[in-house]
Amino acid sequence: MRTLEDDWFLQARLKLRHFQLFLALDEQRNLHRAAAQLGISQPAASKLLGDVESQLGVKLFDRHPRGLEPNWYGEVMVRHAQAMLSDLHNTGKELNALLAGSAGKVAIGTVMAPAVTLLASAIERVHRTHPRLKISVEVDVSKRLVPRLLEGELDFAITRIPAGFSTDPFVFEEIGEEEICFVCREGHPLSGAEPLTLAAMAAYPWALQPQGALMRQRVDALFLYNAIDPPAQVVDTTDILVALALIDRSDTITATTRQVADLLCAPARFRILPFHQRLSVQPFGLVSLRRRRPSPGAATLMTMVRELVAHQRQQGLL
């Protein structure tokens with residue numbers, strides 16, 4: 001079977017227009033509409049696609065009476081076209097920021113706990129020396145952050161690499177585990193219970209991350225391991241604010257990380273339940289793409305995160 005040379009893209013004479021066409025075809029699934037989206041004629045679009053397929057020796061899109069659909073080869077081209085065009089878009093934004101006198105822009109993805117502790121401290125320290133660095137932070141679950149990192153929407157992430165994703169594209173620098181605790185409102189019937197049992201907690205309504213989320217899997221496994229039926233009434237939500245609104249107005253219980261709970265429970269409106277069994281999920285870490293050089297702003301922030309992690313380890317906090 002024929003294999004491609006390292007410079008196959010030069011031999012195929014790929015241009016930016018080809019990658020734009022791949023994305024337009026994936027979106028429109030119709031050659032005429034894709035051509036119109038790019039402002040070119042249908043014969044010109046057909047020739048662009050045909051030239052690439054001829055050079056590669058494979059079809060990228062399967063032809064059906066209803067239109068075009070990317071096959072496995074086409075899916076690869078579409079995915080990398082998205083990443084490449086996203087990189088070019090971000091390049092323009094970064095250049096514009098520098099031309100405007102800013103220090104650039106950094107987009108970070110993170111799971112909840114590092115956002116309220118580690119990352120917040122790193123951002124505050126970086127802004128002391130780079131006050132004009134524009135930083136955006138997206139808080140989400142790992143399975144949604146990692147695809148955005150791959151697509152070039154994020155510079156780096158503090159997260160895990162979920163099951164089902166190859167680890168090859170990533171550099172993973174372990175930071176630590178997230179300890180889980182259970183939170184209720186102040187005055188909840190179980191807030192002063194000693195000893196607090198899992199069976200007693202199961203009798204109340206819960207607000208938890210959806211099925212499949214790592215924290216939800218750990219909580220579900222806790223009930224299973226202890227042979228206790230899980231709560232019958234559960235609201236699925238990835239948003240901690242929704243969970244807090246529910247526990248504030250009812251006897252609902254939620255699970256969150258210890259760092260988040262320590263931040264939220266300080267005003268005495270919410271309370272950490274005195275559950276004595278230690279519970280945690282697998283370690284998270286600083287995740288970046290192996291073959292993508294970080295921007296100066298991203299590199300500065302990543303270095304600060306590493307320094308804070310090292311300092312916390314020295315103090316026994318991680």
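**Exercise 1.** Sort the lining of the largest pocket by residue class, then locate this pocket in the fold.

*Solution.* Start with the classes: the lining holds 18 nonpolar, four polar and eight charged residues. Here Ala, Val, Leu, Ile, Met, Phe, Trp, Tyr, Cys and Pro count as nonpolar, Asp, Glu, Lys and Arg as charged, and the others, Gly among them, as polar.

A word on the model: it is predicted, with local features needing pLDDT of at least 70 and side-chain atom pairs pLDDT 80 or more, while totals for chains, interfaces and linings use all residues. Residues are numbered from 1 along each chain as its sequence is written, and side-chain values use heavy atoms, without hydrogens and water.

Next, the size: the volume of the largest pocket is about 1200 Å³. A pocket is an open set of points on a 1 Å grid over the protein atoms alone where a 1.4 Å probe fits, with protein on both sides within 12 Å along at least five of seven lines; lining residues have an atom within 4 Å of a point. Volume is the space filled by probe spheres set on the points, which are joined across faces, edges and corners.

Now find the centre: of 30 lining residues, Trp8, Val76, Arg79, His80 and Arg291 are the closest to it.

Finally, α5 gives the most to this lining, with 10 residues. Helices (H or I, at least four residues) and strands (E, at least two) are DSSP runs, numbered from the N terminus.

**Exercise 2.** Describe the second largest pocket.

*Solution.* Its volume is about 620 Å³. Among its 32 lining residues, Val141, Ser142, Gln209, Ala213 and Leu214 lie nearest the centre. β9 supplies the largest share, four residues.
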